[in-house]
Amino acid sequence: MADEALFLLLHSEMVAGLYRAAEQGEGENGRCTTKLESMGFRVGQGLIERFTRDTARFKDELDIMKFICKDFWTTVFKKQIDNLRTNHQGIYVLQDNKFRLLTQMSAGKQYLEHAPKYLAFTCGLIRGGLSNLGIKSIVTAEVSSMPACK
Amino acid sequence: SRELFVLTYGALVAQLCKDYEKDEDVNTYLDRMGYGIGVRLIDDFLARSAVKKCRSYSETADVIAQVAFKMYLGVTPTVSCSSAAGNEFSLILDKNPLVDFVEELPAERASLCYCNLLCGVIRGALEMVHLAAEVTFLQDRLKGDAVTEIGITFLRKAEDRKQKRD
């Protein structure tokens, strides 16, 4: 709804603002991504606390991942993850074919080099959510053709 | 949901406080970001609300309070005109959703305008409909005032602009 537009705009302003500041000052792109990721981390922690207040205990890791793919993703991005794959040894791949934060950018390979900036916050979001559920993780993102991403 | 926006905003302010020591710098940054959001938000707003062209400043202030604030933040501030010239208005918020998770400002950040983003957003949006305005916080609950009050001062009369176009 309307809130979504507000969040999308805030997010893209955040990305633009941080990179603008970096160009003028330190010029370190890596730091911007880290900042975005850590912001996402805090938000993820807070969000997961509020979402799971009333839900039952999770049985195992896979259950938690399914929760992230369905309920968490739906609340944040208004849709579910399209594809979840795992090697049952701790690695999960979540695929979203129409990632909300990228749909406004392009539908293909244009601007591909800018995509990672927009995914940093969401990686942090997932990492924060998992951390509050007791799982330590590393979250990375990959975009081969917008607006799909893994 | 709105919680995502509020939490993200909180994380953003916290990060900015880490990056900038002076409150004025954070305030300026938030205002600039708000401006960038406002100039794009206006399109979304006009598309969703289909309001007709406002014919006076007071109508504009009403639309901001009753339609826009309600649509995006779920609250409706009260509007009052605070000048005889008819170009200064205040929006009074007794409930500000942006500070839902904030209890009080830390002592060393006493002059931080936590919600300064809002001022920038309003200013940017108004500029896109050819209304120059100054928007600032007159009162802030987080700083101990009774209510949160945003002041909008329209800088040029709308009628002049219309005449220029004709």
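**View 1. Chain B and chain A bury about 2,600 Å² between them.** In this predicted model, carbon and sulfur atoms give 69% of that buried area. On the chain B side, Leu4(B), Phe5(B) and Thr8(B) lose the most area to chain A, together 21% of what that side buries. The contact takes 28 residues from chain B and 28 residues from chain A.

**View 2. One salt bridge spans the interface of chain B and chain A.** Look for the side chains of Lys35(A) and Asp19(B), which meet here at 3.2 Å, N to O. Three helices of chain B, α1 (2-19), α2 (23-49) and α3, each supply at least two residues to the side that touches chain A. With 12 residues, α1(B) gives the most to that side. By residue type, the side of chain B that touches chain A divides into 17 nonpolar, 4 polar and 7 charged.

**View 3. Four strands of chain B form an open, antiparallel sheet.** Trace the strands across and you will meet them in the order β1-β2-β4-β3. The edge strands, β1 (78-81) and β3 (133-139) of chain B, each pair on one side only. Neighbouring strands of this sheet are turned by 25 degrees against each other on average, direction ignored.

**View 4. Strands β2 and β4 of chain B pair over 6 bridges, with helices packed on the sheet.** Here β2 covers residues 88-93 and β4 covers residues 148-154. Glu88(B) stands opposite Thr153(B) in β4(B). Helix α3 (57-73) of chain B lies across β1, β2 and β4, running at about 20 degrees to β2(B). Helix α4 (116-128) of chain B touches β3 and β4, and its direction makes about 155 degrees with that of β3(B).

How values were computed. Residues numbered from 1 in each chain as written. Chains lettered and ligands numbered in written order. Predicted model: local features only at pLDDT ≥ 70, side-chain atom pairs only at ≥ 80, totals over all residues. Heavy atoms only, no water. Pairing = 2+ DSSP bridges. Axes fitted to C-alpha atoms, helices over the stretch in contact; angles between N-to-C directions. Contact = heavy atoms within 4.5 Å. Buried area = accessible area lost by both parts, 1.4 Å probe. Salt bridge = Lys/Arg side-chain N within 4 Å of Asp/Glu carboxyl O. Nonpolar A, V, L, I, M, F, W, Y, C, P; charged D, E, K, R; others polar.
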